[in-house]
Amino acid sequence: MSGRIFASFCRTRAQEALSAGHGRLETALTATRQGQARLSMAVNIARLGIFEWDTVTGAVEMDDRSREIFGLAPEGPVHQDEVFSRLEKVDVERAHALTEAAAVDGTEVVADYRVTRPDGTTRTILSSSEPLQDEGGHLRMIGVFHDVTVLRQAEADLRTLNADLEREVVERTQARGRTWTLTPDLMCALDRRGYLVTSNPAWQTLLGWSDVEIAQTPIWDLLHPDDVKRTRVGLERIEDGQPAVGCANRYRRKDGSYRWISWIGVPEDGLVYCTGRDVTVEKEREAALAARTAERDLFATIVETDRAPICAFDHDFRLIAFNQAHSDEFHRIFGYRVNLGDIFPDLFTEDQAHVMRALMARALAGEVFTVVEEFGDPSIVKPY
């Protein structure tokens, strides 16, 4: 009796243990399926294709995504020759070389390949795989494909953009360098003490001072004495943030002569950056014009204030110029004003008109002469 009870007890315990084992197995299988589902979801989200390549038989197992990437049929066996036919020859050779190296040292193989699909479209794929080799030397490569076409194109576009920007920077730098070297204008950076921190070759070309000499000499020692105070005030305004445009002063050349320089200056980082143009010729022209204008004004004053008749007339004896003082004198003598455009002889009495006409005809013929004649109406002449 006790034996049967013990056997029954053992069977019960075995059934409980078996039931518990089944429960653990189901739990493990559920966890595995969930893990696989999550892995599958992650692979899909990452747009990864999974493959296993048997390097001995040439068979390649590929999931749907891998087949899509290569443009392969969604079902059926795949051989390595069909996969490699989509790659460029150089990529096929590289894939074999990397695989052989992985078989020796067991390292991961990571490489980009260019795929040309049957419809003519091309893709760039990133292949990542690891070798799995059994004791008999049977080598398999297990890994993933990632379509990186868009990424690689973006990287290429970025490299092109960077290259373009770098080339543009180089070209601009070279252009600025050539401008700095070749321009006839003075260019410099001036500190608060009036020393040139940097200067271009035009300083020596135009003024004769070398780089060393110009760097050791404050601009106050080069300025014309009459321009120092005005330049100091202008420099203070620039340092206060007021750019200067067209401010001109005189700089001493090494031979002792002076040149007029018109400046543009802007402040930045404690310095004043300046460009100066030689305007000496323009200044000399302005001075000559001012002198001629003053001389003309003087002569005009003399002519206009002289009571002697100073006039000009055309071949019809019409007045085209008549000095003011004699116009007043003519009014005093004849009682009426002379106007430009008047036929001058007709302004006189009949007996005097033919005399004036004859004199004017002689002048128009080119004769130079001096005569003394009496004109006017004594009855209306007013005394001075």
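**Entry 1**

I started at the hairpin of β3 and β4, which has five residues between its strands. Gly120 sits in the turn with a positive phi of about 90 degrees. The model is predicted: local features need pLDDT of at least 70, side-chain atom pairs count only at pLDDT 80 or more, and totals for chains, interfaces and linings use all residues. I number residues from 1 along each chain as its sequence is written, and side-chain values use heavy atoms, with hydrogens and water left out.

My strands (E, at least two residues) and helices (H or I, at least four) are DSSP runs, numbered from the N terminus. I call two strands paired if DSSP finds at least two bridges between them.

β3 (residues 109-116) and β4 (residues 122-133) run antiparallel, joined by eight bridges. I found Thr116 bridged to Thr122 in β4.

Next I followed β4 onward. Nine bridges join β4 to β5 (residues 139-147), again antiparallel. Gln133 has Leu139 in β5 as its bridge partner. This hairpin also has five residues between the strands, and Gly137 takes a positive phi near 85 degrees.

**Entry 1: the five-stranded sheet**

In what order do the strands of the open sheet of five lie? I read β7-β6-β10-β9-β8, with antiparallel pairing. The edges are β7 (196-199) and β8 (244-252), each pairing on one side only. Neighbouring strands are turned by 30 degrees against each other on average, direction ignored. For all angles I use axes fitted as lines to C-alpha atoms, for helices over the stretch in contact; angles run from 0 to 180 degrees between N-to-C directions.

I then looked at β9 (residues 258-268) and β10 (residues 271-278). They pair in the antiparallel sense over eight bridges. Pro267 stands opposite Val272 in β10.

The loop between β9 and β10 holds Asp269. Its phi is positive, about 55 degrees, although Asp269 is not a glycine. I list Asp269 as exposed at 72% relative accessibility. My classes are buried under 20% relative accessible area, exposed over 50%, and partly exposed in between (1.4 Å probe, protein chains only).

Contact here means heavy atoms within 4.5 Å. Helix α9 (residues 280-305) packs on the sheet and touches β8, β9 and β10. Its direction makes about 120 degrees with that of β9.

Helix α8 (residues 228-239) lies across β6 (186-190), β8, β9 and β10. It runs at about 145 degrees to β8. I checked the length of α8. Its twelve residues should span 16 Å at 1.5 Å a residue, and the end C-alpha atoms are 16 Å apart, which agrees. The expected span is 1.5 Å times one less than the number of residues.

Which residues of α8 are buried? I noted Val228, Thr231, Leu235 and Ile238. Seen down the axis, the buried residues of α8 fall within an arc of 80 degrees, so they line one face of the helix. I take the arc from the directions between helix axis and C-beta atoms. These buried residues pack against β6, β8, β9 and β10. Just after α8, Gly241 takes a positive phi of about 100 degrees.

**Entry 2: salt bridges**

I counted a salt bridge where a side-chain nitrogen of Lys or Arg is within 4 Å of a carboxyl oxygen of Asp or Glu. The structure holds 19.

- Arg94 and Asp91 pair with their closest N and O atoms 2.8 Å apart. Both lie in helix α4 (residues 89-105), three residues apart, about one turn. Arg94 is partly exposed at 32%, and Asp91 is buried at 7%.
- Arg193 and Asp191 meet at 3.4 Å, N to O. Arg193 is exposed at 57%, while Asp191 is buried at 13%.
- Arg357 pairs with Asp346 at 2.9 Å between the closest N and O atoms. Arg357 is in helix α11 (residues 350-364), and Asp346 is in the loop between α10 (324-334) and α11, eleven residues apart. Arg357 is partly exposed at 32%, and Asp346 is partly exposed at 48%.
- Glu52, Asp54 and Arg140 are linked in a network.

**Entry 3: Phe317**

I looked up Phe317 last. Phe317 lies in the loop between β11 (311-313) and β12 (319-322). Its phi is positive, near 65 degrees, in a residue other than glycine. Is Phe317 buried or exposed? At 14% relative accessibility, Phe317 counts as buried.
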